[in-house]
Amino acid sequence: MKEEMSKEEIEPRLEGVQKRIYEIVKQRGGIMSRELYELFDESERTVGEHVSRLEKLGVVETTLLERKDEKGGMRGKTRLIRLKRS
């Protein structure tokens with residue numbers, strides 16, 4: 001059975017969009033998914049798939065948050081993306 005790679009082993013192997021996502025999250029300490037999508041020329045779905053892959057690799061973690069409008073009503077959901085704690 002193959003052991004999982006550590007975050008330290010995975011990080012140097014990241015390339016392209018995944019590497020850029022990792023660097024943005026690391027620099028900012030965390031980012032909302034909507035903000036992240038706006039930084040890329042890729043579709044939201046494509047960026048979201050890269051985030052999901054990074055989460056499966058154990059590099060980032062996401063937390064689903066509900067967004068509220070000014071009156072306290074439900075406005076939608078978003079994900080907070082941050083580096084996974086070791």
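Predicted model: local features only at pLDDT ≥ 70, side-chain atom pairs only at ≥ 80, totals over all residues.
On α4, the exposed residues R45 and K56 sit on the face turned away from the helix's buried side. The buried residues of α4 are V47, G48, V51 and L54. Looking down the α4 axis, those buried residues fall within an arc of 120 degrees, so they line one face of the helix.

**Helix α4, end to end**
- α4 covers residues 44-57, and its 14 residues should span 20 Å at 1.5 Å a residue.

**The nonpolar core**
- The largest nonpolar core has 17 residues, and I21, L36, F40 and I81 touch the most other members.
- At least two residues of this core come from each of α2 (16-28), α3 (33-38) and α4.
- α2 gives the largest share of the core, with five residues.
- As background, nonpolar side chains tend to be buried together in soluble globular proteins.

**What L36 touches**
- Setting aside neighbours within four places in sequence, L36 is in contact with I21, I24, I31, V47, V51 and I81.
- Two of those partners, V47 and V51, also turn up among the buried residues of α4.

**Around the rings**
- R20 lies over the face of F40, 4.4 Å from the ring centre.
- As for ring-on-ring pairing, a search of the whole structure turns up zero aromatic pairs.

Note on methods
Residues numbered from 1 in each chain as written. Heavy atoms only, no water. Phe/Tyr/Trp six-rings, centres within 6.5 Å; stacked < 30°, edge-to-face > 60°. Lys NZ or Arg CZ within 6 Å of the ring centre and 35° of its normal. Helix = DSSP H or I, 4+ residues; strand = E, 2+ residues; numbered from the N terminus. Expected span 1.5 Å × (residues − 1). Buried < 20%, exposed > 50% of the residue type's maximum accessible area, 1.4 Å probe, protein only. Arc of directions from axis to C-beta. Core = buried A, V, L, I, M, F, W, Y, C linked by side-chain atoms within 4.5 Å. Contact = heavy atoms within 4.5 Å.
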